[in-house]
Amino acid sequence: MLPDLTEALQRRKQENLYRTRPILEGPQAPHITIDGQNFLAFCSNDYLGLANHPALIAAATEGAQRYGVGAGASHLISGHSRAHHALEIALADYVGLARALLFSTGYMANMAVVTALVGREDTIFADRLNHASLNDAALLSRARFLRYPHLDLAALEKQLKTTQTRRKLVITDAVFSMDGDQAPIADLLALCQRFDAWLLLDDAHGFGVLDAQGRGSLYAHQEVDRTAPHLIYMATLGKAAGVSGAFVAASASVIETLIQHGRTYGYTTAAAPLLAHTLLTSLQLIKQDSWRREHLKQLITQLRQALQSLPWQLLPSNTPIQPLLVGENQQTMQLDQALRARGIWVPAIRPPTVPRGMARLRISLSAAHTEADVTQLSAALHELAGVLA
Ligand SMILES: *Cc1c(COP(=O)(O)O)cnc(C)c1O
């Protein structure tokens with residue numbers, strides 16, 4: 001095996017696909033220190049700037065004093081603390097669904113939902129640009145796995161119409177993680193209802209950000225029937241919420257099924273209760289600080305206007321994910337390196353995370369950025385366009 005691995009690693013380097021991990025000193029913020037050098041960064045999913053908020057740090061400290069640092073067991077044994085329970089109730093209430101269930105990560109939440117609800121006799125319908133965790137969950141479930149072209153509801157309808165199966169589950173990102181565009185949730189939900197299919201919505205990038213109160217994609221679109229019994233909502237708590245973890249919100253029957261059969265729920269140690277305790281404060285800030293979302297909106301508008309005349313195209317998006325499509329891996333990496341030389345960090349996203357020939361810089365904005373930060377990025381990109389494009 002060793003020669004194989006060495007050769008595969010070498011090939012990955014040649015194709016400009018080799019991944020390395022920058023080491024960050026200190027907290028997540030717009031200005032970060034990597035390997036002793038300061039950067040203005042546009043690479044975190046800390047969309048509201050909560051990851052280093054003093055109120056959350058205080059809550060984490062209080063949580064540690066109250067609950068210690070480790071849960072010590074799975075939720076089903078003795079790891080389900082008062083803090084976890086209170087957070088589940090608060091989250092269900094916030095998104096307006098009957099029940100919510102906490103998971104340690106969004107990846108694990110998707111695994112649990114898909115594998116607990118569908119199996120060999122069932123069919124999954126998935127948008128082609130879904131997050132890897134949804135695809136992995138689909139494969140693990142052993143259900144038939146049909147993918148439809150990105151946002152193509154006509155194609156999905158055809159698949160739903162012609163598929164005979166015990167259960168049907170449609171899975172989609174609500175906000176697509178590498179593109180920043182959004183699924184037409186109301187139409188999807190109506191389509192699912194027509195064909196007696198379930199809908200799993202992954203709102204990792206919408207929760208906290210979309211809707212005036214940050215309640216996410218279910219509230220950001222008109223005419224979403226949130227009472228639809230076949231709706232399952234998933235959101236993560238390590239992005240806009242600034243901490244870590246995820247939750248699934250749905251009807252009581254679905255949540256109880258996940259508690260009984262969710263393997264990534266039952267067979268893992270519960271996340272530290274101090275995180276749930278911290279997230280209760282985070283949820284307060286998400287609700288109350290609407291100025292963070294308003295500021296973020298202004299930054300998005302500013303960035304899109306400033307980058308209009310670049311030779312590279314900004315993909316259509318009104319979320320904090322603003323991908324600048326470059327195309328080939330090599331030029332994307334050149335641009336990435338040239339920005340770094342100017343003290344700016346924007347992650348290059350390459351295949352297989354995105355399709356071949358669609359490599360990009362994934363600019364992500366945060367409410368912690370200032371107008372001047374966006375101006376600095378835009379000036380650097382314009383300067384580099386003269387040199388590289
Ligand atoms: C980040 C992400 C996940 C995984 O969430 P984690 O909590 O980081 O494991 C799932 N789905 C989407 C769309 C994501 O962007």
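Modeller: Accessible areas here come from the Shrake-Rupley method with a 1.4 Å probe, and for residues only the protein chains shown count as cover. This is a predicted model: local features need pLDDT of at least 70, side-chain atom pairs count only at pLDDT 80 or more, and totals for chains, interfaces and linings use all residues. Residues are numbered from 1 along each chain as its sequence is written, and side-chain values use heavy atoms, with hydrogens and water left out.

Biologist: What does the accessible surface of the protein come to, then?

Modeller: About 17400 Å². Carbon and sulfur atoms hold 51% of that.

Biologist: And how many of the 389 residues count as buried, in percent?

Modeller: 54%. Buried means under 20% relative accessible area, exposed over 50%, and partly exposed in between (1.4 Å probe, protein chains only).

Biologist: What about the radius of gyration?

Modeller: The protein has 21 Å, which agrees with a compact globule of 389 residues, where the value would be near 21 Å. The radius is taken over C-alpha atoms, and the globule rule is 2.2 Å times the number of residues to the power 0.38. The C-alpha trace spans about 60 × 55 × 50 Å along its principal axes.

Biologist: How many helices and strands?

Modeller: 14 helices and 15 strands. They are DSSP runs numbered from the N terminus: helices are H or I with at least four residues, strands E with at least two.

Biologist: Take β10. Is the strand enclosed or open?

Modeller: Largely enclosed by the rest of the structure, because 5 of its 5 residues (246-250) are buried. In a regular strand the side chains alternate between the two faces of the sheet. On one side of β10 sit A246, V248 and A250, on the other F247 and A249, and all are buried.

Biologist: Which strands are joined to β10 by bridges?

Modeller: β4 (residues 99-103) is joined to β10 by 5 bridges, antiparallel. β9 (residues 231-236) is joined to β10 by 4 bridges, also antiparallel. Two strands pair if DSSP finds at least two bridges between them.

Biologist: What stands opposite A250 and A249?

Modeller: R99 stands opposite A250. Y233 stands opposite A249.

Biologist: New topic. Where is D179 found?

Modeller: In the loop between β7 (168-173) and α7 (185-194).

Biologist: Buried or exposed?

Modeller: D179 counts as buried, because its relative accessibility is 12%.

Biologist: What does D179 touch?

Modeller: Leaving out residues up to four places away in sequence, D179 touches L129, L315, P316, S317, I321, P323 and R360. Contact means heavy atoms within 4.5 Å.
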